[in-house]
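Visitor: Hi, I'm new to this one. Could you walk me through it?
Guide: Happy to, let's have it on screen.

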Amino acid sequence: PSVPSSVVVDQVTIDYEPPVNNLQILAAKDGFEIDSLTVSCQNCTWGITLSATKDGKQLSTVSSEHLQCSKTATVSKGKTQHCKCSGYQIAAKNLQDLVPLERTFETCTFCKPHFYFQ
């Protein structure tokens, strides 16, 4: 039987030029652990953040029109500061300041539709 490989990222800084176009894969492994990672993209229109798949096999940097992020994102112990929501979205209930990378896209939600006028 093969032993799953694992990557530990610690004290790494990445600066993007030109801007990230939506999503850029950083790592694709059986598993990874992020102790300390900083990414920045001064020319990214929507800022930058990080995201991981639920199965923990892919780490990506994200610059998306659906999130309003700062120009620099830092990960510590697998968590990062959540971005602000854009468009007609609002922050999800019970949202903490730091969110796990697997929940990056779960921090914003659309308002419930209103079916009546006041």
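What follows is a short chat about a sheet, some backbone details and a surface patch.

Guide: This is a predicted model, where local features need pLDDT of at least 70 and side-chain atom pairs count only at pLDDT 80 or more, while totals for chains, interfaces and linings use all residues. Residues are numbered from 1 along each chain as its sequence is written, and side-chain values use heavy atoms, with hydrogens and water left out.

Visitor: What order do the strands of the open sheet have?
Guide: The order is S2-S5-S9-S10-S13, five strands with mixed pairing. Strands here are DSSP runs of E, at least two residues, numbered from the N terminus, and two strands pair if DSSP finds at least two bridges between them.

Visitor: And which are the edge strands?
Guide: Strand S2 (12-15) and strand S13 (98-100), each pairing on one side only. On average, neighbouring strands of this sheet are turned by 25° against each other, direction ignored; the axes behind that angle are lines fitted to C-alpha atoms.

Visitor: How do S10 and S13 pair?
Guide: In the antiparallel sense, over three bridges, with S10 covering residues 79-81. Gln 81 has Leu 98 in S13 as its bridge partner.

Visitor: New topic: where is the cis peptide bond?
Guide: Between Glu 17 and Pro 18, with omega at about 0°. Pro 18 sits in the loop between S2 and strand S3 (22-28). Most peptide bonds are trans, and most residues other than glycine have a negative phi.

Visitor: What is the phi of Asn 22?
Guide: Positive, about 75°, although Asn 22 is not a glycine. Asn 22 lies in strand S3. Lys 77 also has a positive phi, about 55°, and is not a glycine either; Lys 77 is in the loop between strand S9 (72-76) and S10.

Visitor: Is Lys 77 buried or exposed?
Guide: Exposed, with a relative accessible area of 64%, whereas Asn 22 is partly exposed at 45%. Buried means under 20%, exposed over 50% and partly exposed in between, with a 1.4 Å probe and protein chains only.

Visitor: Which residues form the nonpolar patch on the surface?
Guide: Leu 23, Ile 25 and Phe 105, with about 280 Å² of accessible area together. Such a patch joins nonpolar side chains within 5 Å, from residues with over 30% relative accessible area and no salt bridge (a Lys or Arg side-chain nitrogen within 4 Å of an Asp or Glu carboxyl oxygen). The areas come from the Shrake-Rupley method with a 1.4 Å probe.

Visitor: Where is Phe 105?
Guide: In the loop between S13 and strand S14 (108-110). Phe 105 is partly exposed, at 47% relative accessible area.

Terms used: Helix = DSSP H or I, 4+ residues; strand = E, 2+ residues; numbered from the N terminus. Axes fitted to C-alpha atoms, helices over the stretch in contact; angles between N-to-C directions. Patch = residues over 30% accessible without salt bridge, like charges linked within 9 Å, V, L, I, M, F, W, Y side chains within 5 Å.
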